[in-house]
Amino acid sequence: FSWAAAVVETEIDLVDYEPRVRGVWLSVDGGHILSERKARSSLEVATLHALGWATHETIALHEGAVSTNDALSYPISVPAEAPPITVDFTWTDAVTPKGIGELPFACVPAAFAQAVSQATGTSFDELPIGAAAVRDALEDV
């Protein structure tokens with residue numbers, strides 16, 4: 001099996017309560033890496049998607065389907081807005097490659113939720129965490 005650990009650094013905008021990601025660090029054991037450049041790129045793209053899911057992407061199903069309006073207005077993370085992402089590989093003597101493309105979905109959202117929880121002093125247990133969730137949590141404190 002492959003594994004990864006993630007650290008996400010966030011800050012909370014004091015004007016609009018929006019949690020902003022300042023950086024992401026991943027440590028990955030992917031076995032024998034065939035192409036470090038492609039593996040790193042795959043992990044960076046997956047990290048951006050995982051952050052988008054954790055911060056603002058939601059799709060509501062209506063009678064088991066996505067409405068046309070929801071599909072057309074779905075917010076997708078823009079690479080220009082991407083925080084710095086650092087990927088470190090834990091090099092091992094493994095001779096077989098392991099799957100790594102989905103690893104960020106297993107650890108980045110949890111690291112983001114923990115970072116926002118630490119920044120606000122309030123525990124978050126649902127995703128996505130946007131400005132409204134942060135504002136509501138801080139008003140309850």
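## Elements and ground rules

Helices (H or I, at least four residues) and strands (E, at least two) are DSSP runs, numbered from the N terminus. This is a predicted model: local features need pLDDT of at least 70, side-chain atom pairs count only at pLDDT 80 or more, and totals for chains, interfaces and linings use all residues. Residues are numbered from 1 along each chain as its sequence is written, and side-chain values use heavy atoms, with hydrogens and water left out.

## The whole chain

How many helices and strands does the protein chain have? There are four helices and five strands. From the N terminus on, they run β-β-α-β-β-α-β-α-α. The C-alpha trace spans about 50 × 35 × 25 Å along its principal axes.

Of the 141 residues in the protein chain, 33% are buried. Buried means under 20% relative accessible area, exposed means over 50%, and partly exposed lies in between (1.4 Å probe, protein chains only). The accessible surface of the chain is about 8600 Å². Carbon and sulfur atoms hold 54% of that surface. These areas come from the Shrake-Rupley method with a 1.4 Å probe; for residues, only the protein chains shown count as cover.

Now take contacts, meaning heavy atoms within 4.5 Å. Among contacts with a separation of 6 or more, 68% join residues 24 or more positions apart.

The chain has 7 positive and 20 negative charges, and their mean positions are 11 Å apart. Lys and Arg count as positive and Asp and Glu as negative; His and the chain ends are not counted. The place of a charge is NZ of Lys, CZ of Arg, CG of Asp or CD of Glu.

## The nonpolar core

A nonpolar core is a set of buried Ala, Val, Leu, Ile, Met, Phe, Trp, Tyr and Cys residues joined through side-chain atoms within 4.5 Å. The largest one here has 27 residues. F89 and V108 have the most contacts inside it. Six elements each supply at least two residues of this core: β1, β2, α1, β5 (85-89), α3 and α4. Helix α3 gives the most, with seven residues. In soluble globular proteins, nonpolar side chains tend to be buried together.

Which residues does V108 touch? Not counting residues up to four places away in sequence, V108 touches A6, V8, V24, L26, T47, A50 and L51.

## Helix α1

Helix α1 covers residues 36-55. It has 20 residues and reaches 28 Å from its first C-alpha to its last, close to the 28 Å expected at 1.5 Å a residue. The expected span is 1.5 Å times one less than the number of residues. The buried residues of α1 are A39, L43, A46, T47, A50, L51, G52, A54 and T55. Their cover includes β2, β5 and α3.

Why does T47 count as buried? Because its relative accessible area is 0%. Leaving aside neighbours within four places in sequence, T47 is in contact with V24, L26, I85, P104 and V108.

## Helix α3

Helix α3 (residues 103-120) has 18 residues, so it should span 26 Å at 1.5 Å a residue. Its end C-alpha atoms are 27 Å apart, which agrees. Its buried residues include L103, P104, C107, V108 and F112. What covers the buried residues of α3 includes β1 (3-12), β2 (19-29), α1 and α4 (131-140).

A111 lies in α3. It counts as buried because its relative accessibility is 14%. A111 and E9 are 102 residues apart in sequence, yet 8.6 Å apart in space, C-alpha to C-alpha. Beyond neighbours within four places in sequence, A111 is in contact with A6, V7 and V8.

T120 is also found in α3. T120 counts as buried because its relative accessibility is 13%. T120 touches I12, V134 and L138, not counting residues up to four places away in sequence. After α3 comes G121, whose phi is positive, near 75°.

## Two backbone details

Most residues other than glycine have a negative phi, and most peptide bonds are trans. Y17 has a positive phi of about 65°, although it is not a glycine. Y17 sits in the loop between β1 and β2. Is Y17 buried or partly exposed? Y17 counts as partly exposed because its relative accessibility is 31%.

The other detail is a cis peptide bond between L127 and P128, with omega about 0°. P128 lies in the loop between α3 and α4.
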